[in-house]
Amino acid sequence: MIERTLVILKPDCMQKSLAGAVMERFTQAGLSLVACKMIRLQESLLREHYDFLMDKPFFPNIMKYMMECPVLVLVFSGENAIAVTRGLLGPTDSSLAPKGTIRGDFGQDKSRNIAHASDSRETAAKEIARFFTESEIFA
Ligand code: ADP
């Protein structure tokens with residue numbers, strides 16, 4: 001099944017100059033980069049993106065972290081793109097993520113974990129539409 005998924009290279013990824021290395025993990029796995037933009041995440045957009053975490057005690061920290069510097073927002077396309085990107089990322093907590101996964105190799109902890117990737121087809125469709133118009137997607 002060919003899918004599209006949204007990936008955000010988070011501030012820690014950008015600060016560690018790992019954008020190229022992380023993107024390469026996805027393209028080496030056979031996914032195609034079909035959209036890309038660098039943005040400074042605005043508070044309103046970020047609240048929408050993480051609204052399911054609004055009640056968590058760590059929510060203010062996520063907001064602060066995600067606005068530390070501009071991020072790269074990407075769309076990848078390919079066979080089972082959603083499961084493939086999530087598998088390459090590894091679990092949320094970088095300290096528990098196996099070596100060989102992006103978070104296991106480059107992440108710090110539960111919060112600073114290098115990248116976001118959509119977790120279902122429904123979420124991917126919503127997230128892609130949140131950041132891109134159809135004419136900005138080249139596939
Ligand atoms: P994932 O990014 O793996 O899909 P979630 O959707 O559960 O994970 O959480 C979104 C983001 O919120 C995480 O990637 C991480 O940056 C942050 N986060 C999640 N859980 C925690 C936590 N317990 N403490 C601090 N930050 C967290």
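The ligand takes up the space of the largest pocket. A pocket here is an open set of points on a 1 Å grid over the protein atoms alone, with protein on both sides within 12 Å along at least five of seven lines. A molecule sits in a pocket if more than half of its atoms lie within 2 Å of the grid points. The model is predicted, so local features need pLDDT of at least 70 and side-chain atom pairs pLDDT 80 or more, while totals for chains, interfaces and linings use all residues. Residues are numbered from 1 along each chain, and side-chain values use heavy atoms, without hydrogens and water.

The largest pocket holds about 620 Å³ of space, a volume filled by probe spheres set on the grid points. Its lining has 27 residues, and Lys10, Tyr50, Phe52, Leu53 and His116 are the closest to the centre. Lining residues have an atom within 4 Å of a point. Helix H7 (121–131) is among the elements that give two or more residues to this lining, and H7 gives the most, with 5 residues.

Around the ligand stand residues including Lys10, Tyr50, Phe52 and Leu53, where being near requires a heavy atom within 4 Å. This shell has 5 nonpolar, 3 polar and 4 charged residues.

Taken alone, the ligand exposes 530 Å², and the protein buries 80% of that. Such areas come from the Shrake-Rupley method with a 1.4 Å probe.

Key: 1 Å grid on protein atoms, 1.4 Å probe; cavity = no way out; pocket = protein on both sides within 12 Å on 5 of 7 lines; lining within 4 Å. Nonpolar A, V, L, I, M, F, W, Y, C, P; charged D, E, K, R; others polar. Helix = DSSP H or I, 4+ residues; strand = E, 2+ residues; numbered from the N terminus.
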